6 protein chains.
Amino acid sequence: MTDTLEAFRHYREKMNAAILAADNLTINTRTYEAGALPVKTKELLGLVASMVLRCDDCVTYHVVRCREEGVTDPEFYDAFAVALVVGGSIVIPHLRRAVARLEELPAR
Amino acid sequence: MTDTLEAFRHYREKMNAAILAADNLTINTRTYEAGALPVKTKELLGLVASMVLRCDDCVTYHVVRCREEGVTDPEFYDAFAVALVVGGSIVIPHLRRAVARLEELPAR
Amino acid sequence: MTDTLEAFRHYREKMNAAILAADNLTINTRTYEAGALPVKTKELLGLVASMVLRCDDCVTYHVVRCREEGVTDPEFYDAFAVALVVGGSIVIPHLRRAVARLEELPAR
Amino acid sequence: MTDTLEAFRHYREKMNAAILAADNLTINTRTYEAGALPVKTKELLGLVASMVLRCDDCVTYHVVRCREEGVTDPEFYDAFAVALVVGGSIVIPHLRRAVARLEELPAR
Amino acid sequence: MTDTLEAFRHYREKMNAAILAADNLTINTRTYEAGALPVKTKELLGLVASMVLRCDDCVTYHVVRCREEGVTDPEFYDAFAVALVVGGSIVIPHLRRAVARLEELPAR
Amino acid sequence: MTDTLEAFRHYREKMNAAILAADNLTINTRTYEAGALPVKTKELLGLVASMVLRCDDCVTYHVVRCREEGVTDPEFYDAFAVALVVGGSIVIPHLRRAVARLEELPAR
């Protein structure tokens, strides 16, 4: 995992630019727009999916987006609990890092 | 995947009884109760987590529970879309089986 | 795994039609078209990716496509060997089913 | 999962023969021989590894081998408990099938 | 992976405290207590499960616990061999880090 | 992920030496030799398998080997596209790191 949220953002933007410059890969971004389910719920779905698949950078991305959509701490922990039950104790190290990310963000 | 929803339910109950009789394993069931997030959202989280981890029986379980909580077809497809984007094309066979399960349930 | 290749094709087409009718999900199909790498190589990549991720239906799909692109039995086994080394002995049951699929197809 | 243990054994032997006839793949079988750890412990390790990776056929193989090495029901359930805690609730459907396999074997 | 064992322990304790303070998640710790199987065997099961699921922090935790339970180097390597055969060459980078952790611990 | 390619090579060699000194584990290296499929294709298969299984060190290894076998940038991106479609958006962070590795290597 990249060391700080700021470092993650920098690295992500730099490499995404390199990837997009190759003009070969497309990344679908409409999935998380409002639909039958609100954006907030979709971002929570993306967060839990990322946690059980144990992708730290994906978790970081969705923790940030969830916070932007107004997810509260108790709601985060409800989502974490589902990820933990479904994915087992191997999710715990990723949970630690998710909570560390959450603490880097402004509280609500 | 067990052939029909009815067969799945029968097999699941029979084997769960055998497992619980051994009196060794405990299965946490409070995670999906109402908390900061409503039950419906939690079940959707369980559904998407099960899809990206590609567990057909888990998907069946949460499809049934989501329907019981009032999840509509468009909401199901929004959740499926997140699972598909996060988990990739290997999710597609499980999506086919999830939709087949959905068609076995009474419409809303 | 669906029992025969014919049953797989039927189920796949029926459920794909149901999924596409919902008009919500898009499935990228241009990835496997000829580019810097020939179609045959891309299908082999799809096959090995499906084997190490242990998705039987995906393996079936790519076994068929690889055969259509002229992949020979020794080439198939070279690809299987990479999947086995990278993915470990848990790939073996999927290898058995891949070989069973191969035997259902007309030889070359 | 193949329907019965007998059907599994038949299919496994038939396909293994087809695979070995291709004379390309080698399968390491010395790993489970007695070493610093006894065979019984190694088979339990193979069982739990197969459960958390959710490979039903691998689980079947190691359930049979564990029983042959004298693993008792309470020992099986101790191993299942570790798999369940590490791998989460997605392991449960595979646990059900493991217990069903165990019931097919002669008791000890 | 956190850089040193000491750093790992510090980070783990700090984040666990933050997580437990939220009073929402429970972590089952009785699974690894002595039962039909001895603690040492259970820790070896946890180690191999963590290796095939490729969770470095989990591997670190169980390497330490196994050593505390008296697991010798040849026994560690027997367990590593099972993880490698079951999980394939993708386990190798995690094996390297497991061995590095082992070298940080006092020898027996 | 180890910080630089040079650091990765150093760590890999040091730990491999420690592992081989234990004289217990064997690593099959013949799989990637020329056979029915050329070495270049086999290395691309290893690369895509490593990407969908999200093993950064394995990806680094195969990126280097692919480059040595003459894989061009457009060919790399074709392989990346297959990995992305099969494995989903959780592959993206690993793609970023793969591209960063590619930029560390001499261009062709």
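This is a predicted model: local features need pLDDT of at least 70, side-chain atom pairs count only at pLDDT 80 or more; totals for chains, interfaces and linings use all residues.
Q: How many salt bridges does the rule count over all chains?
A: Residues are numbered from 1 along each chain as its sequence is written, and chains are lettered from A and ligands numbered from 1 in the order in which they are written. A salt bridge is a side-chain nitrogen of Lys or Arg within 4 Å of a carboxyl oxygen of Asp or Glu. Over all chains, the count by this rule is 66.

Q: The side chains of Glu75(A) and Lys40(A) meet in a salt bridge; how many residues apart are they?
A: In this salt bridge, N and O are 3.0 Å apart. The pair links distant parts of the chain, with Glu75(A) in helix α4 and Lys40(A) in helix α2 of chain A.

Q: How many helices does chain A have?
A: Helices (H or I, at least four residues) and strands (E, at least two) are DSSP runs, numbered from the N terminus. Chain A has 0 strands, and its elements run α-α-α-α-α from the N terminus on. The number of helices in chain A is 5.

Q: What does the C-alpha trace of chain A span along its principal axes?
A: The elements of chain A follow the order α-α-α-α-α. Its radius of gyration (taken over C-alpha atoms) is 14 Å, close to the 13 Å that the globule rule gives for 108 residues, so chain A is as compact as a globular protein of that length. The globule rule is 2.2 Å times the number of residues to the power 0.38. Along the principal axes, the C-alpha trace spans about 40 × 35 × 30 Å.

Q: Which residues of chain A lose the most area to chain B?
A: Contact means heavy atoms within 4.5 Å, and 23 residues of chain A are in contact with 23 residues of chain B. Buried area is the accessible area (1.4 Å probe) that two parts lose on being put together, summed over both. Between chain A and chain B about 2100 Å² is buried, with 80% given by carbon and sulfur atoms. Together giving 25% of what the chain A side buries, the residues that lose the most area are Leu45(A), Asp78(A) and Val82(A).

Q: Which residue of chain B forms a salt bridge with Lys42(A)?
A: The rule finds 2 salt bridges across the interface of chain A and chain B. In the one formed by Lys42(A), the closest N and O atoms are 3.5 Å apart. The partner of Lys42(A) is Asp78(B).

Q: What rotation superposes chain A on chain B?
A: Copies are superposed by least squares on the C-alpha atoms of residues with pLDDT of at least 70 in both. For chain A and chain B, the shift along the axis is 0.0 Å and the RMSD is 0.0 Å, which is the relation of a two-fold axis. Since 100% of the interface residues of chain A are also interface residues in chain B, the copies meet through the same surface. The rotation is 180 degrees.

Q: About what area is buried between chain A and chain F?
A: This contact takes 15 residues from chain A and 18 residues from chain F. Across the interface the rule finds 1 salt bridge, and Asp57(A) forms a salt bridge with Arg97(F), the closest N and O atoms being 3.1 Å apart. Carbon and sulfur atoms give 67% of the buried area, which is about 1400 Å².

Technical notes: Side-chain values use heavy atoms; hydrogens and water are left out.
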